[in-house]
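Here's a structure to get to know, one piece at a time.

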Amino acid sequence: MGYLLRSVVVIGGGIVGLAVARSLVSRGLSVTVLEKEDRWGAHQTGHNSNVVHAGLYYKPGSLKARMSVAGNHSMVEYAQANDVPVQVCGKLVVATSTDELPALRVLAERAEANGVPAKLITPEEAREYEPEVAAVAALRVESTGIIDFPAVCAAIVRELSAAGADLRLDTPALAIRAGLGGGVEVATGDAVIRADALVNCAGLHSDRVAQMAGLTPRARIVPFRGEYYELRPERASLVRGLIYPVPDPTLPFLGVHLTRMLDGSVHAGPNAVLALRREGYRWRDVSLADLVDTARYPGTWRLARKYAYPVGLDEVRRSLSKTRFAASLARLVPAVTADDLVRSGAGVRAQALLPDGSLVDDFLIETARDQVHVLNAPSPAATSALEIGNHIANQVLENA
Ligand SMILES: Cc1cc2nc3c(=O)[nH]c(=O)nc-3n(C[C@H](O)[C@H](O)[C@H](O)COP(=O)(O)OP(=O)(O)OC[C@H]3O[C@@H](n4cnc5c(N)ncnc54)[C@H](O)[C@@H]3O)c2cc1C
């Protein structure tokens with residue numbers, strides 16, 4: 001930039017944008033946060049499983065592995081220091097057939113490589129944690145927790161307000177251009193915000209915001225909806241904590257699982273179906289523009305060739321049939337039946353897709369002059385948010 005960096009505009013008021021703003025403010029910078037909705041954390045951050053992940057799944061050395069293991073600690077510490085409800089309850093990853101044992105062992109090795117406390121246990125030991133579980137073996141992970149991510153956002157917003165940050169709800173970034181004499185100008189409809197640097201944390205719209213800023217992002221966002229059911233309160237006692245399946249290593253999602261939330265309710269899900277709109281929380285939420293955009297991207301068709309059959313079709317069937325959803329859960333806890341399930345909410349994941357049809361596994365960050373763009377921040381980015389915030393703030397300063 002060649003001049004002193006004083007001000008930064010952050011686009012997106014989810015947990016990542018807010019954490020970036022917090023880290024920038026702590027370094028004495030003047031920060032504006034633009035959020036198009038009327039509340040903070042309105043999309044992915046407000047529609048997720050509220051699990052503080054331990055960091056066992058991710059490739060050792062990847063940003064996800066490093067930032068989720070560190071984030072597991074920093075997020076829990078932040079919650080404890082700021083009166084945000086959190087509970088480190090641990091979880092079980094359950095192998096339900098001998099076919100899954102090799103993958104469970106690989107997961108145990110990954111946990112060790114990532115420095116995550118986890119141990120392989122017998123079916124009897126698994127039933128001491130979860131009496132209703134069906135397991136041929138399990139991995140017990142101690143550092144997984146449950147939290148209230150929207151309450152984390154509220155705590156960060158309080159800190160930012162106290163530090164004098166300029167926080168704007170109902171303020172979409174509509175156009176971005178380089179400022180005369182350096183920096184950036186962001187048009188919001190009723191104002192133009194000038195700053196020395198820009199950070200794009202727009203989640204489901206991050207690729208479009210990057211394009212608006214003149215970048216050609218390497219990947220496109222594909223929206224994957226994750227739907228939840230809840231166990232009827234009288235059946236919630238079937239689950240004491242968190243029960244996960246052994247994930248399919250070829251897919252970026254963890255598989256439908258059972259999660260006891262802080263209020264004692266038990267959530268089941270999320271599945272993963274292609275959403276027909278970027279912020280499409282139901283099948284009937286359709287955007288022709290989003291569909292055309294997705295259909296015109298070559299990566300979409302290559303992805304479809306890989307996953308449409310049988311994985312994609314099975315996901316659609318499970319989305320439309322409570323009985324199928326219940327059957328997936330019954331593999332983990334055989335006592336669960338369709339009658340025990342009540343529809344709950346849904347979330348939409350912003351998953352980056354490359355032109356060759358591969359899903360971007362790691363967090364993806366691209367920089368340009370005066371700009372840092374977060375282009376893939378799926379799970380466990382909520383867990384890792386404070387770490388991502390520090391990492392991005394370093395990049396903003398290094399770029400200056
Ligand atoms: C179903 C589901 C379950 C998950 N479970 C977990 C979990 O248990 N643990 C975990 O760690 N992670 C989980 N995740 C992932 C986690 O929720 C996300 O990684 C995280 O919330 C990403 O935060 P974000 O700030 O990048 O995105 P978001 O929360 O989506 O925020 C982006 C914001 O940008 C705003 N925006 C977009 N465009 C503009 C614009 N032009 N101008 C202004 N504002 C704009 C949006 O309105 C939005 O509020 C889950 C995600 C989903 C969907």
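Let's begin with a term: a salt bridge is a side-chain nitrogen of Lys or Arg within 4 Å of a carboxyl oxygen of Asp or Glu. Side chains of opposite charge can pair when their charged atoms come close. A search of the whole structure turns up 23 salt bridges.

Before the details, some ground rules. This is a predicted model, where local features need pLDDT of at least 70 and side-chain atom pairs count only at pLDDT 80 or more, while totals for chains, interfaces and linings use all residues. Residues are numbered from 1 along each chain as its sequence is written, and side-chain values use heavy atoms, with hydrogens and water left out.

**A network of charges**

Which residues are linked in a network of salt bridges? They are Asp207, Arg208, Arg220, Arg278, Asp290 and Asp293.

| Pair | N to O distance |
|---|---|
| Arg278 and Asp207 | 2.6 Å |
| Arg208 and Asp290 | 2.7 Å |
| Arg220 and Asp293 | 3.7 Å |

To see where they sit, you'll need helices (H or I, at least four residues) and strands (E, at least two), which are DSSP runs numbered from the N terminus. The salt bridge of Arg278 with Asp207 links distant parts of the chain: Arg278 is in the loop between strand E18 (273-274) and helix H7 (288-295), while Asp207 is in helix H6 (residues 206-212), 71 residues apart.

Are these two buried or exposed? "Buried" means under 20% relative accessible area, "exposed" means over 50%, and "partly exposed" is in between (1.4 Å probe, protein chains only). Arg278 has 4% relative accessibility, so it counts as buried. Asp207 has 2%, so Asp207 counts as buried too.

Now the pair Arg208 and Asp290, whose side chains meet in a salt bridge: Arg208 is in helix H6 and Asp290 in helix H7, 82 residues apart. Arg208 is partly exposed at 24% relative accessibility, whereas Asp290 is buried at 10%.

As for the salt bridge between Arg220 and Asp293, Arg220 lies in strand E14 (residues 220-231) and Asp293 in helix H7, so the pair ties together parts that are 73 residues apart in sequence. Asp293 counts as partly exposed, with 23% relative accessibility.

**The nonpolar cores**

Next up is the inside. A nonpolar core is a set of buried Ala, Val, Leu, Ile, Met, Phe, Trp, Tyr and Cys residues joined through side-chain atoms within 4.5 Å. The largest one has 48 residues, and Val10, Ile15, Leu24, Met75, Val152, Ile392 and Val396 touch the most other members. Among the elements that each supply at least two residues of this core are strand E1 (7-11), helix H1 (15-26), helix H2 (63-81), helix H5 (149-162) and helix H10 (385-399). There's also a second, separate core of 25 residues, which includes Val94, Ala138, Leu238 and Val239.

What does Met75 touch? Contact here means heavy atoms within 4.5 Å. Leaving aside neighbours within four places in sequence, the contacts of Met75 include Ile15, Val52, Phe149, Val152, Ala385 and Leu386.

**Helices that cross**

Helix axes are lines fitted to C-alpha atoms over the stretch in contact, and angles run from 0 to 180 degrees between N-to-C directions. The axes of H2 and H10 come within 6 Å and cross at roughly 115°. Angles under 35 degrees count as roughly parallel, over 145 as roughly antiparallel, 65 to 115 as roughly perpendicular and the rest as oblique. H2 and H10 are therefore roughly perpendicular to each other. Where they meet, the residues include Met67, Ser74, Met75 and Tyr78 in H2, and Ala385, Leu386 and His391 in H10.

Helix H8 (residues 298-320) and helix H9 (residues 322-332) pack at about 110°, with axes 5 Å apart, so H8 is roughly perpendicular to H9. In this contact, Arg317, Arg318 and Leu320 of H8 meet Lys322, Arg324, Phe325 and Ser328 of H9.

Two peptide bonds deserve a look. The bond from Gly269 to Pro270 is cis, with omega near -5°, and Pro270 lies in the loop between strand E17 (266-269) and E18. A cis bond also joins Ser379 and Pro380, with omega about 10°; Pro380 is in the loop between E21 and H10.

Finally, Asn50 has a positive phi of about 60° although it is not a glycine, and Asn50 is buried at 14% relative accessible area.
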